[in-house]
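Have the model open while you read.

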Amino acid sequence: MKKIIKFGLPLLILVAIGGSWFLFHQQPPQQPTRPAKTAVKTKPKYRSLTRAELNRSLKLKYCSIVYYAIKHSKIQRWQEVSNFDLGWQLEQYPITDGTKVLVWPDMDIKKDAKLVQPNWFALSNTGNVTYHSFVVHSFRDDMTESTDLDTIIKQLNTDHAAMKVRHMLPNALIVAHKNTAN
C-alpha cells in the first residue's frame with residue numbers, strides 16, 4: 001500500500017494540477033462569426049440623353065451632333081474632327097431657319113490655321129440636322145447628309161454613348177457670331 005501511495009499520490013497531484021491548468025486556460029467557446037459586410041461596387045446607372053437635356057444645353061446638343069457625325073456619318077471627311085483630345089471650335093452663325101455651325105478640329109485653332117473650308121452642319125428650328133462637307137480639290141457641291149435630333153439621340157443612347165458625349169463638353173468651344181455672313 002505504501003507503494004501505491006508513494007507512486008499514486010504524486011500522480012494524483014500531477015493530474016489535479018494538469019486538470020486545473022487545462023480548465024483555467026481553455027478558450028471560451030467561439031461565437032459563430034458572420035461574414036463581414038463588404039461594400040458592393042455598383043456600376044453607376046446609365047443616364048440617357050434626352051431632347052429636354054439637349055434643349056437646356058447648347059454645348060451638349062452640338063457635341064451630340066458632332067459625335068453622331070464622327071461615328072455614324074457616311075461622309076468620310078467628318079473623320080478630320082475625330083480627335084477627342086484636341087476638341088472642337090464650333091463657330092455658330094444664325095440662318096433663316098436655325099443655325100449654321102462650322103466645326104473646326106482643335107478647340108484652340110487660330111485664324112491662320114483655318115485654311116480649308118471646315119465641315120459644318122445646319123440645325124433647323126424644328127430639329128432637322130444637315131451635315132455638309134466640302135469636297136477638297138473639286139468643283140462639286142458639298143457632300144450632304146440629313147437626319148434629325150430625335151434620330152441622333154436614339155442612336156447615341158443605343159450606342160450607350162451619352163457619357164462619351166458628356167465628356168466632350170470641356171473640349172468644345174462655341175464661338176457665336178451675330179451676322180449671317182461668314
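1. Overall make-up. The protein has five helices and six strands, where helices (H or I, at least four residues) and strands (E, at least two) are DSSP runs numbered from the N terminus. Starting at the N terminus, the order is α-α-α-β-β-β-β-β-α-α-β.

2. What you're looking at. This is a predicted model, where local features need pLDDT of at least 70 and side-chain atom pairs count only at pLDDT 80 or more, while totals for chains, interfaces and linings use all residues. Residues are numbered from 1 along each chain as its sequence is written, and side-chain values use heavy atoms, with hydrogens and water left out.

3. Burial and surface. Of the 182 residues, 34% count as buried; buried means under 20% relative accessible area, exposed over 50%, and partly exposed in between (1.4 Å probe, protein chains only). The accessible surface is about 13,000 Å², with 60% of that belonging to carbon and sulfur atoms. Those areas come from the Shrake-Rupley method with a 1.4 Å probe, and for residues only the protein chains shown count as cover.

4. Contacts along the chain. Take contacts (heavy atoms within 4.5 Å) between residues at least 6 apart in sequence: 56% of them join residues at least 24 apart.

5. Helix H3. How many of the 15 residues of H3 are buried? Eleven, and the helix is mostly covered. Among them are Tyr-62, Cys-63, Tyr-67 and Tyr-68, along with Lys-61. The length checks out too: the expected span is 1.5 Å times one less than the number of residues, so H3 (residues 58-72) should span 21 Å, and its end C-alpha atoms are 21 Å apart.

6. Ala-122. This residue lies in strand E3 and counts as buried at 15% relative accessibility. Its C-alpha is separated by 8.5 Å from that of Ile-95, 27 residues apart along the chain. Leaving aside neighbours within four places in sequence, Ala-122 is in contact with Ile-95, Thr-99, Lys-100, Asn-128, Val-129, Thr-130 and His-132.

7. Two backbone angles to look at. Asp-106 isn't a glycine, yet has a positive phi of about 85 degrees. Asp-106 sits in the loop between strand E2 (98-105) and strand E3 (119-124) and is partly exposed, at 23% relative accessible area. His-160 also has a positive phi, near 55 degrees. Where is His-160? In the loop between helix H4 (149-158) and helix H5 (162-168), and His-160 counts as exposed at 52%.
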